[in-house]
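Subject: Model handover

Hello,

Please find the model below, with notes on what was found in it after that.

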2 protein chains.
Amino acid sequence: MSTRSRSVVTIADVARACGVGTMTVSRVINGKKHVSEEMARRVEEAIARLNYQPNEAARTLKGRTSRTIGLIVPSLSDPFFSQCAHAVQQVAAEQGYMTMLFACEANRSVEAEELSQMRARNIAGILIVPSSENSLEQLQELRRSGMPVVMIDRTFAGIDAGEVMVENLEGAFRATNHLIDHGHRRILCVGYDREYNSIGERIEGYKKAMQTAGLSQQYILVKRGVPIGPKVVASLRSAKPPSAVFTLNNVTSVAVLSALKREEIRIPQQLAIIGFDDFELASLLAVPLTAVRQPATELGRHATRMLIDSLRTGNGGERMTSRIVLPTELILRQSCGCEPISRIARPS
Amino acid sequence: MSTRSRSVVTIADVARACGVGTMTVSRVINGKKHVSEEMARRVEEAIARLNYQPNEAARTLKGRTSRTIGLIVPSLSDPFFSQCAHAVQQVAAEQGYMTMLFACEANRSVEAEELSQMRARNIAGILIVPSSENSLEQLQELRRSGMPVVMIDRTFAGIDAGEVMVENLEGAFRATNHLIDHGHRRILCVGYDREYNSIGERIEGYKKAMQTAGLSQQYILVKRGVPIGPKVVASLRSAKPPSAVFTLNNVTSVAVLSALKREEIRIPQQLAIIGFDDFELASLLAVPLTAVRQPATELGRHATRMLIDSLRTGNGGERMTSRIVLPTELILRQSCGCEPISRIARPS
DNA sequence: AATCAGCGGTTAATCGATTATCTAAGCTCT
DNA sequence: AGAGCTTAGATAATCGATTAACCGCTGATT
């Protein structure tokens, strides 16, 4: 017994307890060869008895890489991202990796700081839902130093990283067409900023549908932080009021719905609405929201597998331009004018 | 130029570039004394030029503790926890700490694994919303080894850790009384398991209100995973059907609302409902939900400050039985029979 | 009989930053 | 002038696990 009360059990303590060298213990821990079964049993017994646990910092320092992947999402309050994060954590855990989860809250300096931490902490690889162009350079530098990177949901051009996306254009196209099929002619496209390509693709989908139908396009696109609901309400009082809106994401849908409720505007009679990105409570809303569902869980799963693959094969140093694009699904509810299913099923 | 292309810039590289010893560089990085301003400038310039970043693993190994706190929550899909996590991350970042966020998804073995990782990674301190009694022993052991621990939202008896809670009993008492004030006599208390003391306290609040009013209590308490909505619906067809329900948390509220909607049961006419734990979309629901709001952000803030305080003062080794209890707030909407405010404000 | 291969194990170097200890120089004060 | 103190910096030990290099032994090969 030394005087040190820190009670940190090291590999040397275990070795001493068994009367062997540290290398032998290390071999047992890492399942390497050249250890007799008998010895392995003794060592394992000692590990259990002393409640020894390898110091991750030491392992990382020597091994140059931790068995940890970093996940950066813009926000945890958006269920789309939290669902995604959940999937990442599950798959990573199955594969023996820990996940460090960071929410940058769409703050570019926070995101930069987090990326910088990734390098400092010898993260094995990065999963990111990039939220600011500013990080591009930093990501590129990480790529150059051999760090595998997979981008989820959004991508930046000019960076050699994996990509896992959804069919934004197609989803938006179908959503817009659904409104057109319901007889709407003046359809407003609403959303926050267009700094992410995913939003851009959705806008393209809307545009394509409108053009194909020979309709003129109407937009309300604002910067993050600008209240968007009131603008939509105001547009209803304009000369050519829209009869329907297509909201470009979750947050927008909620913002618009709030404003419409506040103003007691009837959905879908006065204004129909269809949103990109579905969420759990969408079906319990005053008027259940028709929405384009994104496969958040699948997105997270695929991205994690892609990252871990390139970790395993060690080709993070090479090009890693895999790209997976997942389909979306249009969930029909009542906000676009479809008949409520329950009414059809059981007329009262 | 050596042959190593790993491109890891070390403190030695920086020192060499300035023609000084590593100690000097280290002093500059950590803002210690005994370095001339002139020298400090040169070193900082070299750090910037070489894009040097201290290796966190090495720092941790030597310093015995990382500037990282671990946060374990049961789930990320529950907005209460994600809001809380957000607050933790913010406060921690302000204080120069990183947050490792883990979601255990109420899985006890995952929680155990995560706690074990905490120790292996020399986490400075732990914030936890404990979800399984099984972790108690593990937490106690971590406490004994001097690791500061703060429990959020729920606590376990017999563990010497900080606690940041809400006034569960009081909140539930007021909620139940609100229903009683509306003339309800048969009030059903519904929720998942009672393995957390926070749920237990809410039940106590309900019980106290009912007893005080001389009413008899009715419960539906099920294990996690059991569908609870149908049970509530079934109770309406019993001999003594409840006229109101008090749901013990977020998840329960949503489950019950779903079932009521499916069965087309009118709220609050056929059944009034009041929930513990408010959420963003509560006001946009078909019938806006009256709920007991918990100060999730404040909870996270206080817990983080408490943890970092004990990290600073280094009294994590001592007793750390601080306890903060935050008040709740009853948010009146329409699910309990109150007049819709908008109707009052502007009769149409 | 001599060499070789593999097994089971030890010793010591290493990863990168921190830090105790030490040297040298500059300064004040009697 | 020399003791005493502060400043500026160097050297080397240290944290705990991994791993290259090495050693002695046994049994097989030629």
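Which residue forms a salt bridge with E56(B)? The partner is R59(B), and the closest N and O atoms are 4.0 Å apart. A salt bridge here is a side-chain nitrogen of Lys or Arg within 4 Å of a carboxyl oxygen of Asp or Glu. E56(B) and R59(B) both sit in helix α4 of chain B, three residues apart, about one turn of the helix. Over all chains, the structure holds 25 salt bridges.

Before the rest, the conventions. This is a predicted model, in which local features need pLDDT of at least 70 and side-chain atom pairs count only at pLDDT 80 or more, while totals for chains, interfaces and linings use all residues. Residues are numbered from 1 along each chain as its sequence is written, chains are lettered from A and ligands numbered from 1 in the order in which they are written, and side-chain values use heavy atoms, with hydrogens and water left out.

Interface

The contact (heavy atoms within 4.5 Å) takes 51 residues from chain B and 51 residues from chain A. Together the two chains bury about 4,600 Å², of which 53% is on carbon and sulfur atoms; buried area is the accessible area (1.4 Å probe) that two parts lose on being put together, summed over both. In chain B, the residues that lose the most area to chain A are Q53(B), M98(B) and L284(B), together 14% of what that side buries.

Zero salt bridges are found by the rule across the interface of chain B and chain A. The rule does find 19 residue pairs in polar contact there, both residues at pLDDT 80 or more. A polar contact is a pair of N or O atoms within 3.5 Å; within protein, one must be able to donate a hydrogen and the other to accept it, and residues adjacent in sequence count only if both atoms are side-chain atoms.

On the side of chain B that touches chain A, α4 (56-63), α5 (79-94), β2 (98-103), α6 (108-120) and α11 (250-262) each supply at least two residues. Helices (H or I, at least four residues) and strands (E, at least two) are DSSP runs, numbered from the N terminus. β2(B) gives the most to that side, with six residues. By class, the side has 21 nonpolar, 18 polar and 12 charged residues, where Ala, Val, Leu, Ile, Met, Phe, Trp, Tyr, Cys and Pro count as nonpolar, Asp, Glu, Lys and Arg as charged, and the others, Gly among them, as polar.

Symmetry

Chain B can be laid on chain A by a turn of 180° and a shift of 0.1 Å along the axis, with an RMSD of 0.2 Å (least squares on the C-alpha atoms of residues with pLDDT of at least 70 in both). The two copies are thus related as by a two-fold rotation axis. In chain B, the C-alpha nearest the axis belongs to A286(B), 1.6 Å from it.

Backbone

A cis peptide bond joins I267(A) and P268(A), with omega about 0°; P268(A) lies in the loop between α11 (250-262) and β9 (272-276) of chain A. In chain B, a cis peptide bond joins I267(B) and P268(B).

Regards
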